[in-house]
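I opened this notebook to keep track of what I looked up, one entry per topic. The structure comes first, and my entries follow.

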Amino acid sequence: SPKKRVTVMLNTVHTQCCLSSLLHQPEQYCYPSIFIYGHRATGKSHVILTLLKELELPHAAVSCVECVSAGLLFEQTLLALFGADSAALLPRLPSLSDFVRVYRQVCAQQPAKQTRYIVLERAELLRDMEANLLPGLLRLQELVDDNVAVILLSEIVWDKFRPNTGCFEPLLLHFPDYTKGKILSLDSNPSYTPELYSSYINILLGVFYSVCRDLRELRHLAALNFSKFCEPLEKGEAKEGNTHKLWRNIEPHLKRAMQTVYLREVSSVQWGQQQMDEKEATALRGLSALAHVELPYYSKFLLIAAYLASYNPARTDRRFFVKHHGKMKKTSFLKKHEKTSNHLLGPKPFPLDRLLAIFYSVVDSRVAPTASVFSQISSLVTLQLLTQVGHDDQLDTPKYKCAVSLDFILAISRCVCVCETKYLFLTFGLWLLT
Amino acid sequence: MNESSGCFVFKPSSKKRKRTVGIDEYFVDGNDDCGNGRERFNICQKLWEKIKMDTEILQDELNEKILESLLDFIKKCTLSFQSRTDDWASRMRASEIPTAALVLGVNVPDHDMTFQSLSDLLKNSVTPFSVSVQAKECTALKNLMQRVLERLMGVGVSVEEDEEDSGIHLPQKRVSCSISVLCQWYKTVTKVGRRTLKLSHYKTCSENGFLQSPPIVVIFKDFEAFNPRVLQDFILICNRYIHELPLIFVFGIATSPSTVQHILPHSVSSLLCIELFQSLSCTQHLATVIDKLILTSQFPFKLTGKVLQVLVSIFLYHDFSVRNFVKGLQLALLEHFHSQPLSVLCCKKQEARHNAQKLSHKDVEMVRQLPSFMRYVETQEPQEQVQLLTSDDHVKEVCQMLLKGLRKYHKNYYPILRCLHSLTASLPKYPLGKQIRELHISCLEKNVWETNEYESAMQLLRLLAKDELVAALRKCADILKPGKTKKMKSALQQLEDYIIRFEQLDGKISLKLYSQCLCTKMLLRSRRTKKMSPFEILRNETLDFIDGLVRSHLTPPELQPLNEVCYYSSSGVLRRHLNATPRTSIQTALSHPFYFLQNENLKTDAGTVSSAAPDICIVYKLHLECGRLINLYDWLEAYATVVSAAEGKDPDAEDYGKVDELKHARFIQSVSELEFLGFVKSTKQKTDHVARLTWGGC
């Protein structure tokens with residue numbers, strides 16, 4: 001029965017007690033607001049919504065992602081609790097007080113016999129809306145003078161919610177992660193024995209549990225690979241009891257799955273196809289295998305120049321890029337704090353002038369400062385290979401950061417530099433800083 | 001003050017005023033002394049129409065494959081939406097949104113055409129519900145939602161925030177902007193659609209079952225430019241409704257597919273079922289365009305080597321955009337027909353003959369002054385020379401003959417060019433270039449057989465083994481087959497003879513497979529001393545024959561009489577228009593005002609500015625002498641001195657170089673003009689100083 005399923009989903013006896021005591025006396029006033037938190041896919045929404053549905057309690061479930069404005073939140077809440085007519089009473093651009101007014105108005109016509117619940121999923125997004133919304137919702141019961149409880153669901157702890165001005169403290173409830181044992185007992189496959197399935201899940205968890213605790217994702221992976229697991233059984237090559245053989249068959253397969261389908265390098269449909277026609281599909285390439293980007297000639301040099309500008313201290317430019325730079329004392333060349341790897345510190349912003357100065361010295365031919373050179377810089381920004389830092393006033397010396405990795409730059413400079421020494425020079429310039 | 005007195009209202013007659021200037025007028029007005037402007041415009045227009053149509057067809061052909069596979073993917077997804085079962089596996093699996101990652105290359109402006117044909121295809125064969133969105137119109141989630149809903153439902157969807165038009169939207173008409181609204185709309189639309197199944201224009205696909213629930217395709221044109229937060233939230237929302245709405249996404253990716261993982265965190269990308277589609281690389285695309293538009297005798301209009309070089313280098317160095325390349329070609333076409341009066345002869349055979357007959361006396365004079373025609377005259381007999389210089393009718397006839405020769409030259413040139421390229425393209429290190437356009441450009445510029453590269457290519461060819469050589473010759477024969485001229489036919493005949501002779505050699509001798517890299521002179525010398533085998537003799541003979549073909553047909557067009565009629569040569573104009581240098585122009589204007597103003601007073605030696613120059617030029621010149629920070633007061637004093645000199649004041653006078661209110665105002669104005677141009681800006685580092693934004697100078 002569904003109720004049993006809910007108790008199966010629940011992780012600890014404690015949360016079970018809390019929830020049942022909260023929900024099982026709907027005639028009485030409930031605690032005004034309940035805050036439930038726990039990691040992704042620990043059953044928060046599932047448990048609450050199933051309980052509310054099974055107990056046939058009046059409730060409104062709203063996901064805060066969908067509510068681009070507070071108005072939508074109010075509209076959906078009223079719609080679910082009181083029907084379409086009530087939502088139409090809201091004015092354009094409703095505020096919290098409009099919501100409270102309308103709520104009281106319709107509530108007077110349909111007084112509560114049972115507690116009404118408002119479930120808000122992904123409640124952390126409420127923090128980005130109007131400042132009075134979250135405190136107002138927390139004491140909604142008081143404001144509308146009705147038997148209503150607000151249940152907030154989030155993956156973030158309550159401490160990160162508390163506004164500066166203080167607010168009503170909700171009842172906190174934690175959904176802990178599922179333990180390995182719990183996951184084993186959650187599912188079963190109708191066509192095979194529970195023992196076989198749980199041994200399959202055991203193998204699956206052996207591979208994936210260290211990287212993923214998300215129940216939804218684990219179930220997805222289990223479903224994707226189960227047919228492969230059962231293959232020897234169906235062919236008659238192994239019996240159910242022969243766990244070792246089954247393990248030997250599936251383990252490398254699962255390891256491959258972790259590198260491909262789990263990371264979404266390969267889509268689940270392609271993965272399924274690959275299982276069917278085993279042999280030829282080994283050549284299936286993932287998304288990141290095609291990291292090569294074709295760029296116009298000068299764009300490549302601009303990107304190299306940007307990389308050098310981002311990771312070189314500006315003081316050393318003279319030494320690297322001016323042909324007769326004069327001697328610099330070796331000891332004073334790099335300051336002590338600069339000796340820590342620049343790649344650990346990340347890219348630093350640089351002004352446009354510096355980028356162009358390095359660009360002109362790196363590129364081998366004379367380049368006219370044409371409009372297209374400048375427009376290439378802005379298209380590199382839209383391609384997210386460069387990022388513009390700070391304000392976007394072009395007249396006021398814009399600053400940029402290089403957003404690509406060392407490997408990317410090395411690949412580019414390898415194909416750009418026809419002559420070997422140039423490449424060596426560039427890579428030397430790059431490596432000196434690592 | 002003549003000008004001010006002429007400043008009364010002049011009312012032109014109403015008739016004249018109504019006449020709008022057609023585009024063809026520009027051709028007439030540009031060179032009003034010759035009467036064939038309108039004809040040139042018509043020829044140009046016709047040619048451009050043809051080129052445009054050809055490129056569009058080409059584009060469609062090139063995109064066909066990727067679009068086909070994309071359509072297959074969408075159809076497959078639609079089917080899987082419909083056949084969704086409630087078995088164990090599908091219940092366990094996470095519900096993913098099918099997504100196509102379409103990698104199109106960095107030339108973002110070119111993508112528009114691809115997306116246009118994609119949405120046309122979708123509308124015709126799969127679903128009426130497809131929307132495309134761009135990043136710039138979706139800065140926030142609500143904008144994105146609004147765009148998607150608007151375009152799907154075809155009605156204005158209000159976002160609650162825009163208060164201004166509250167009077168227009170009546171409250172009951174208001175549709176709030178959420179996917180649940182879309183869900184309801186979709187349900188009603190598909191219900192209606194099912195009822196009117198027979199009548200609807202989606203009938204073509206009804207037998208495939210698409211009609212029952214056509215998918216909603218959302219195309220994100222420029223994936224990289226989207227705000228990651230907006231995309232993430234949108235995907236999260238859509239995922240909640242995936243069981244009710246058959247949504248499919250298409251991401252237009254410019255860089256590499258791994259950006260999907262950079263932009264979306266795992267929690268979001270795990271909601272997508274991403275499949276990859278890669279389009280043709282843009283360099284291949286360019287090669288096909290050049291092949292179809294430039295390396296053909298079909299169009300009478302031609303580009304010289306320099307012009308082609310400009311267009312290709314803009315493509316390779318700057319933008320990778322085929323669209324811009326074709327636009328550049330269009331500009332060259334327009335410029336040619338606009339600036340060259342004799343381009344009236346640059347058209348199809350019949351038309352050219354007709355136009356040559358109609359040449360006016362002035363035109364004939366122009367023909368006589370063409371350098372190529374003068375060269376031609378010099379080679380003629382004295383009697384003929386006199387005829388050519390005196391009789392207009394005779395020139396017209398000769399013109400027709402020469403044009404015919406030019407056409408023949410082109411008909412022979414391109415097949416031989418392709419042959420030479422196919423022979424040399426597989427040689428190590430590509431002595432004559434990897435791409436055919438490189439070979440074409442070098443053939444256009446000089447006698448290709450005189451270059452070192454050609455010599456080394458021939459040497460390498462003389463080392464080819466028999467099977468390689470025969471295969472290459474077969475390819476050449478295939479290229480020559482469609483040729484219609486006599487010379488091409490006889491060349492083909494000879495080539496086939498050689499191939500047969502090579503085959504007859506079989507069995508007589510054992511072949512040595514020389515490695516292609518053994519092209520050292522030593523080897524050659526040692527071979528010369530040896531007695532040559534029959535194969536070697538035949539090989540040399542064949543290659544001499546090919547060399548002869550090259551020498552007779554791949555002469556540069558400059559040597560052809562009347563080539564100016566067909567060839568556009570002003571590469572400088574093209575470069576100035578297509579690859580503008582605004583900064584250099586501004587600097588020229590400021591440091592050499594004579595260049596643009598053409599006022600004799602302003603003419604000075606290099607590096608100096610006349611004191612009579614506009615204020616901004618003087619201020620600019622003075623600012624070049626300063627460092628990074630400029631003291632405004634010093635600058636003003638220097639300016640006042642220069643201007644006083646211009647006024648012709650006595651250097652010893654009391655008020656020489658003194659700052660009065662007028663000079664002060666003029667100075668401030670020119671400094672703010674410089675600031676507007678981006679040369680200086682105000683700074684807080686030091687009072688009364690401005691910072692220089694450019695470097696260099698004195």
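**Entry 1: a residue in a strand of chain A.** I began with Val119(A), which, leaving out residues up to four places away in sequence, touches Ile48(A), Leu49(A), Leu52(A), Ala60(A), Ala61(A), Val62(A), Ile151(A) and Leu153(A), where contact means heavy atoms within 4.5 Å. I found Val119(A) in strand β3 of chain A, residues 116-121; helices (H or I, at least four residues) and strands (E, at least two) are DSSP runs, numbered from the N terminus. Val119(A) counts as buried because its relative accessible area is 0%, the classes being buried under 20%, exposed over 50% and partly exposed in between, with a 1.4 Å probe and protein chains only. I also looked up the distance between the C-alpha atoms of Val119(A) and Gly83(A), which are 36 residues apart along the chain, and it is 17 Å.

**Entry 2: what I am looking at.** I note that this is a predicted model, in which local features need pLDDT of at least 70 and side-chain atom pairs count only at pLDDT 80 or more, whereas totals for chains, interfaces and linings use all residues. Residues are numbered from 1 along each chain as its sequence is written, chains are lettered from A and ligands numbered from 1 in the order in which they are written, and side-chain values use heavy atoms, with hydrogens and water left out.

**Entry 3: the two chains.** For chain A I recorded 21 helices and eight strands, and 50% of its 434 residues count as buried. For chain B I recorded 32 helices and ten strands, with buried residues making up 47% of its 698 residues. Among contacts with a separation of 6 or more, residues 24 or more positions apart account for 69% in chain A and for 74% in chain B. Chain A exposes about 21400 Å², of which carbon and sulfur atoms supply 55%, while the accessible surface of chain B comes to about 36200 Å², with 53% belonging to carbon and sulfur atoms; these areas come from the Shrake-Rupley method with a 1.4 Å probe, and for residues only the protein chains shown count as cover.

**Entry 4: nonpolar cores.** Which residues touch the most other members of the largest nonpolar core? In this core of 147 residues they are Leu303(A), Phe359(A), Leu303(B) and Phe373(B), a nonpolar core being a set of buried Ala, Val, Leu, Ile, Met, Phe, Trp, Tyr and Cys residues joined through side-chain atoms within 4.5 Å. Helix α19 of chain B, residues 392-424, gives the largest share of this core, 14 residues. Another core, of 106 residues, lies apart from it and includes Phe35(A), Leu137(A), Cys177(B) and Phe223(B). I then listed the contacts of Leu303(B), not counting residues up to four places away in sequence: they are Ile294(B), Leu308(B), Leu311(B), Leu329(B), Ala332(B), Leu444(B), Tyr567(B) and Tyr568(B).

**Entry 5: cavities.** I counted six cavities of 30 Å³ or more in the structure; on a 1 Å grid over the protein atoms alone, a cavity is a set of points where a 1.4 Å probe fits but cannot get out, a pocket is an open set with protein on both sides within 12 Å along at least five of seven lines, and lining residues have an atom within 4 Å of a point. The largest cavity has a volume of about 120 Å³, a volume being the space filled by probe spheres set on the points, which are joined across faces, edges and corners. Of its 13 lining residues, Leu293(B), Ile294(B), Phe301(B), Lys302(B) and Leu303(B) are the closest to its centre.

**Entry 6: the second largest pocket.** This pocket has a volume of about 1300 Å³ and is lined by 41 residues, of which Tyr298(A), Ser313(B), Ile314(B), Leu316(B) and Tyr317(B) lie nearest its centre. Helix α13(B) gives the largest share of the lining, nine residues.

**Entry 7: two more single residues.** Met276(A), in helix α13 of chain A (residues 268-276), counts as exposed at 74% relative accessibility.
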